[in-house]
Every structure is written in C-alpha cells, then in structure tokens.
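Have the sequence and the model open beside you as you read.

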Amino acid sequence: MINKELLIQFGAIQKSYCKNERIFSEQESARYYYQILQGIVKMNNYSEEGKEFIQGIFYKDQSFGEPPLFGAINYPANAETLTDTTILALPKRALFDLLRNNPEIHLNVTKALANRLYYKAIIATEISSHEPEHRVLRYIDYLKYEVHQVEKKFDFQVEHTRQQIADLLGLRVETVIRVIKNLEKKNEVKILNRKVYR
C-alpha cells in the first residue's frame, strides 16, 4: 500500500511475529500504522463464552488497524498472526507527517479505507439477508477478484480454513463444510487435497 522504503525513511521499524502471536489487543490505544511484509494477520473479537468473531484477514502488502489512528480511539478488535509474519510499524505521528508530505499516498490510504468500509457493509448485508451458500461464495469471490485479483477459473486457492470462514460470516463450521461440498457439486469450486479452489 505504502512504499516500503518510504515507510522506513519516515521511521518505520520491522517487527517479526510467530504464528498465533498477538500484535495488539482490543481496547489498546492505537499508536502505530502496520503494513504486512510477509504473512497473514486476522483482526478478531471473542464473546464472553470464548467464541471468536473474525473482523477481517489481511495479507502481504496490506495494512491493518489504521482507522483508530485517524479517529483517536482505541482498537475495536485484536490483531493476531495466522502465520509467521513480518510487518513494518510506523508511529502515528510519523504516519501523519508522511501523509501530509505525500498527498497522493494520502488519497490511496483513503481509498483503501473506503473499500474496506464498503466490504464491511457488503458482509453485514450478506450475513443479515442471504443464505449460507450465497454468503460463502460471495466472500470467496471477494478474496479472488478484489483482494488477490485472480481471473481464471479454479486458479485461486482459498487460504482460509473452514473455521475461519465460519467465524468471518457468522456461520457454524459444519454449515461451511456442507456449503463447500454443495458448491463443488455445482462446479462452482474444486476441492483438491482438502484445499478449496475457485
């Protein structure tokens, strides 16, 4: 999203995390802009019963957790790694200096945030008004076409587990398993070695 060298020039530091390590916690004060160099990060909440709800999953070259920086509010969710992950962390004040000095980057960040808000609105609509099969296929298509920009049929491998898809879409994992099998029967997805391809 923001050029790596530019982030380093403005004072970003590289940090490495192991799989399943927490980067920040819900209600923690937002102090850094985070951008992924390698790995996968999820933002999540847990209910009082310990059930996980995944707010979003972020990949290489994506940023995460920046809205609270602009709103001067605490993080609404945790950020945890799904794989060994390396990120660049830029202090909030340095981010604002970078954006003031680079209006085109500021515009790109604003566009990325707008796209994320749009995605959240779409997912909220999907969860509230559509059947599980529609929700799952819509989310996989979002990953394929919007996030990873893959066009060919069955060229996109879904990296999420069935459990992660369930946690993202407010479904039970058994429902997601059944839906994916039905989608395979309809030739909408392929399953090879337990991996889903769209």
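1. Start with helix 3 (residues 92-101), whose buried residues are A94, L95, L98 and L99. Down the axis of helix 3, these residues fall within an arc of 135°, taken from the directions from the axis to the C-beta atoms, so they line one face of the helix. The face turned away from them carries the exposed residues R93, R100 and N101. Buried means under 20% relative accessible area and exposed over 50% (1.4 Å probe, protein chains only).

2. A word on the basis: this is a predicted model, where local features need pLDDT of at least 70 and side-chain atom pairs count only at pLDDT 80 or more, while totals for chains, interfaces and linings use all residues. Residues are numbered from 1 along each chain as its sequence is written, and side-chain values use heavy atoms, without hydrogens or water. Helices (H or I, at least four residues) and strands (E, at least two) are DSSP runs numbered from the N terminus.

3. What covers the buried side of helix 3? The cover of its buried residues includes helix 1 (4-9), strand 3 (32-38), helix 2 (67-71), strand 8 (85-91) and helix 4 (103-129).

4. Strand 3 pairs with strand 6 over 2 bridges; pairing takes at least two DSSP bridges. Here Q35 has S63 as its bridge partner.

Technical notes. Contact = heavy atoms within 4.5 Å.
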